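Me: I am new to this structure and would like to go through it step by step. Please show it to me before we start.

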Amino acid sequence: MTRLAWAALLLSGFSLAGGQPTWQGTWAATAGSSGAFAGTWNSVPGEAPDTVAGHWSLRDQNGAELATGTWAAGKEGRVWKGTWQVRRPSGQVYDGSWRAPVELPAGSHFEAAIAKAVSGNWGLGRLAGAWTIRAYTQ
């Protein structure tokens, strides 16, 4: 899927409301030698098959929210690819991309992919790192 299509997924309205399955969890990421980051995430199924969209937050070591954003993803074969955007309290906006190959059959869906910890890579311009998410039952 093209970056433009991912951006459209991010910008399309979605709600974490009744009737649809929802997922949530925690995430952690590294950014080269800049250190480690962590936060929370949630998502709902997208309008197209094998797509999801949601919100995420960046939190400090004490759990205070530092920034919030959106994310969207779609599966291509055995790889989940997505985009993310975050807004800092100052109003500054960042966006980037991520990907995660999964060791599951090509026909599996998002809930199978997050049944255990999932790891992948992310990028923002010249910055890049690794990330891991964990889901938990609501």
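Reply: A salt bridge here is a side-chain nitrogen of Lys or Arg within 4 Å of a carboxyl oxygen of Asp or Glu. This is a predicted model, in which local features need pLDDT of at least 70 and side-chain atom pairs count only at pLDDT 80 or more, while totals for chains, interfaces and linings use all residues. Residues are numbered from 1 along each chain as its sequence is written, and side-chain values use heavy atoms, with hydrogens and water left out.

Me: How many salt bridges does a search of the whole structure find?

Reply: Side chains of opposite charge can pair when their charged atoms come close. For the whole structure, the number of salt bridges found is three.

Me: How many residues apart in sequence are the parts that the pair of K75 and D50 ties together?

Reply: K75 is buried, with a relative accessible area of 13%, whereas D50 is partly exposed at 23%. Because K75 lies in strand β4 and D50 in the loop between β2 and β3, the pair ties together parts whose separation in sequence is 25 residues.

Me: What phi does D50 take in the hairpin of β2 and β3?

Reply: Strands are DSSP runs of E with at least two residues, helices are runs of H or I with at least four, and both are numbered from the N terminus. D50 is found in the loop between β2 (36-45) and β3 (51-59), and the hairpin of these strands has five residues between them. Although D50 is not a glycine, its phi in this hairpin is positive and near 55°.

Me: Which residue takes a positive phi in the hairpin of β3 and β4?

Reply: Strand β3 and strand β4 (residues 65-76) pair in the antiparallel sense over nine bridges, pairing being assigned if DSSP finds at least two bridges between two strands. Within that pairing, the bridge partner of S57 in β4 is T68. The hairpin has five residues between the strands, and the residue with a positive phi, near 90°, is G63.

Me: How many of the nine residues of β3 are buried?

Reply: β3 is joined to β2 by eight bridges, the two running antiparallel, and G39 stands opposite L58 in β3. β3 is largely enclosed by the rest of the structure, because the buried residues among its nine number seven.

Me: How many strands make up the closed barrel?

Reply: The protein chain has two helices and eight strands, and from the N terminus on its elements run α-β-β-β-β-β-β-α-β-β. Seven bridges join strand β7 (residues 118-124) to strand β8 (residues 127-136), which run antiparallel, and the bridge partner of W122 in β8 is G129. The closed barrel runs β1-β2-β3-β4-β5-β6-β7-β8 with antiparallel pairing, and its number of strands is eight.

Methods:
Buried < 20%, exposed > 50% of the residue type's maximum accessible area, 1.4 Å probe, protein only.
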